Amino acid sequence: MYWCKIARTKKEFDEIARLNYETFVEEIPQHQADASSMRTDPFHGQNTYLIVLSGMDVVGMIALRSERPFSLDLKIGKVESFLPDVVRICEIRLLAVRKAHRNGRVFFLLARALSDYCLEQGFEAAIISGTTRQLKLYGQLGFQPFADPVGEGEAVFVPMVVTRRQYSDSVAARLQTKRRLFVPGPVILAAQLAAPFQEPPISHRSVAFQEIRQEVDRLLYGMAESTPYLLAGSGTLANEAMLAQIQRLDSKGLILVNGEFGRRLVNQADRLGLDYVVESTSWGEAFDIEKIVSKLETGNYNWVLMVHGETSTGQLNDFRELTEICLQQGIRLCLDCISSFGALPFSLRGVWLATAASGKAVGTMSGIAIVFAHHKIIPDNKLPSYLDLGLYSANIPFTFPSSLLESLKRALNTYPERYGLLDKRFKQLQEDTEDWPSLSAGYPTSRTFKTAAENRFLFQDAHLSGFELHAASGYLKDRALFQISCIQPEFEKDWQQFLDFYKIYQHYHA
């Protein structure tokens, strides 16, 4: 199995020095031979090395640096004089692969890792001294000459450059293997759910559209036991529309927070000028129901707002007991179910308002915001029209993509069987990661892990190897956390590939 990482250890740097000698002393006579069989690059201290391994062995490498002067600066003068439109440039050097592994997989893995790393570092272009022996290969990676060749004899090199756009259009980008995603969204669309986006659109005013809408409403009601209101937008829009209805109550409420998405609800409530008190607990911990009940019994609160599925920590907040308490005291319970809806079966009976979305666990494209309600909502001309759920009670009043609605209908038709599929996947994920340091017991579609010394580079090296764990969000970075989700359509096959990678990765770093 080929995989990629950033070189960080003395052992890896020694292997790089050997491969450097094999390639640029013995094969390409660019430097004088010596008895060491190792060559340390003059810019070694400034280089970042991306290496490809076959199992436990280093078989390919590429180095990049951004400190000036570049080696090409010393050969042809300042490279910006040839590339006036490029601002942030890095230099690529020492592209080398051991002869037994010179195949498309190694080169394309290096190319993708290089592209990903450069993008993350904000580089607009990369330059390289391309040996004339491999001009075809460089062309496949998107490189193009920008100056006359330099050097002499068997060590002639062509100054070449590749930009982000050139790489995107290259053979390497087209032929690279697909990424294996373990993120909680967006979701890769299964063929059945992608098909509607290839069909001609229909007007949201048409009878055909209304028929799709009615079927979607029926399916949603069957899953949630609450009436859905559909808006064109993200889950954030659904929460804004819910909060706009809370604003109409003109009363004080309690917002429960034990993660990032609870914190975001507080931020949205601030923007709408709601009167509230926050009851918070540590990230990843369940709420203290007794403490909440004691607050509600004071009679100071007319509504409660909480996140059902706090995916930032992998915490599923149980709202059933709270529902009964709120009903008994005439308090309106409002839930953010953006990530939990479709992940596991639950009823919204007794819940005043709740939100969901077409993406996430449901499995189709984001773009439909859903608000569930049990009471009839009437229009309110004091609200922005797009947020006024009363306008949505009879029909969809504003432009709405029919392809997205049809895809949602098809996704909803996979229930209740999809509940069983997601549950089976999650149990497999739990079993395979039971020894990993986790933040909480686990969410129905993902697990949240603590970054420890032995795995602190796992998500970065996995990313460079084509496995996308969820670690890029600021709230995860700030707390040294990463997540693995099982909602993507090819989870079973991709997860087995990741476990194969992880087994080698752990053995390599033991």
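**Exercise 1. Describe which strands helix 9 lies across, and how the helix is oriented relative to strand 17.**

Solution. In this predicted model, helix 9 covers residues 235–249 and lies across strand 10, strand 13, strand 16, strand 17 (353–357) and strand 18. Taking strand 17 as the reference, we find that helix 9 runs at about 165° to this strand.

**Exercise 2. Work out the order of the strands in the sheet, and explain which strands stand at the edges.**

Solution. We begin with the order, which is 10-18-17-16-13-11-12 for the seven strands of this open sheet, and the pairing is mixed. Strand 10 (227–232) and strand 12 (275–280) each have a single partner strand, so one side of each is left without a neighbour in the sheet, and these two strands stand at the edges. From one strand to the next, the twist averages 20°. As a further step, we note that helix 8 (residues 207–224) packs on the sheet by touching strand 10 and strand 18 (368–373), and that the direction of helix 8 makes about 125° with that of strand 10.

**Exercise 3. Find the sense in which strand 13 and strand 16 pair.**

Solution. Strand 13 (residues 303–307) and strand 16 (residues 332–336) are joined over five bridges in the parallel sense.

Key
Residues numbered from 1 in each chain as written. Predicted model: local features only at pLDDT ≥ 70, side-chain atom pairs only at ≥ 80, totals over all residues. Heavy atoms only, no water. Pairing = 2+ DSSP bridges. Helix = DSSP H or I, 4+ residues; strand = E, 2+ residues; numbered from the N terminus. Axes fitted to C-alpha atoms, helices over the stretch in contact; angles between N-to-C directions. Contact = heavy atoms within 4.5 Å.
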